[in-house]
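Q: Could you take me through one part of this model slowly? I am new to reading structures.

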Amino acid sequence: MRLSLLAVGRLKSGPERELVERYRQRVEGMGRALSLAGLDIVELPESRARREDDRRAEEAAALLEKAGSSVLIVFDERGRSPSSEAFAEKIRQWRDEGRAGIACVIGGPDGLDPKLRQRADLVVSFGALTMPHQIVRALVAEQLYRSLTIIAGHPYHRAGHDDS
């Protein structure tokens with residue numbers, strides 16, 4: 001099953017891009033043993049439309065085209081905040097069902113068109129706070145890696161409390 005992160009806008013060179021790349025490489029390294037193929041990162045240009053609704057609609061159409069028939073996970077503050085274990089379990093479930101891919105979607109500065117949330121198999125929130133898109137990308141990449149470690153039983157993810 002192919003993993004992809006689809007995002008509106010370009011991430012500039014710097015520490016955030018390096019962090020996303022580090023997790024992309026970790027996903028690639030761990031994914032093979034779990035029948036998960038890499039992590040494609042696809043950056044789509046922001047719409048140039050004048051109206052905000054038109055920009056969101058154009059971006060949604062481009063994101064949906066890139067996602068194709070993949071499972072769609074949309075990151076939006078109106079979504080659910082699952083535990084890392086529950087998130088990993090959904091990925092395991094989709095893999096075991098033989099789904100072709102999972103597309104994780106991060107919208108542009110104007111947010112997401114309602115069509116994306118309606119089509120989504122899962123809408124995830126990192127909380128009600130507004131966060132910069134480059135940080136959200138790093139969080140998504142990290143949670144994908146964390147999910148793989150949970151599925152593999154790897155010690156990277158330790159549930160529970162810090163006993164120190």
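At what angle do helix 3 and helix 5 pack, and how far apart are their axes?

A: Happy to! This is a predicted model, where local features need pLDDT of at least 70, side-chain atom pairs count only at pLDDT 80 or more, and totals for chains, interfaces and linings use all residues. Residues are numbered from 1 along each chain as its sequence is written, and side-chain values use heavy atoms, with hydrogens and water left out.

Helices (H or I, at least four residues) and strands (E, at least two) are DSSP runs numbered from the N terminus. Helix 3 and helix 5 pack at an angle of about 75°, their axes lying 9 Å apart. Axes are lines fitted to C-alpha atoms, for helices over the stretch in contact, and angles run from 0 to 180 degrees between N-to-C directions. Helix 3 is therefore roughly perpendicular to helix 5, a label for angles of 65 to 115 degrees.

Contact means heavy atoms within 4.5 Å. Helix 3 contributes S84, E85, F87, A88, I91, R92 and R95, while helix 5 contributes Q143, L144, R146, S147, I150 and I151.

Now look at F87. Beyond its neighbours within four places in sequence, F87 touches I73, F75, P82, L122, V124, Q143, L144 and S147. F87 and L144 are also among the residues with the most contacts inside the largest nonpolar core, which has 33 residues. Such a core is a set of buried (under 20% relative accessible area, 1.4 Å probe, protein chains only) Ala, Val, Leu, Ile, Met, Phe, Trp, Tyr and Cys residues joined through side-chain atoms within 4.5 Å. Helix 5 supplies the largest share of this core, 9 residues.

Definitions and conventions:
Buried < 20%, exposed > 50% of the residue type's maximum accessible area, 1.4 Å probe, protein only. Parallel < 35°, antiparallel > 145°, perpendicular 65-115°, else oblique.
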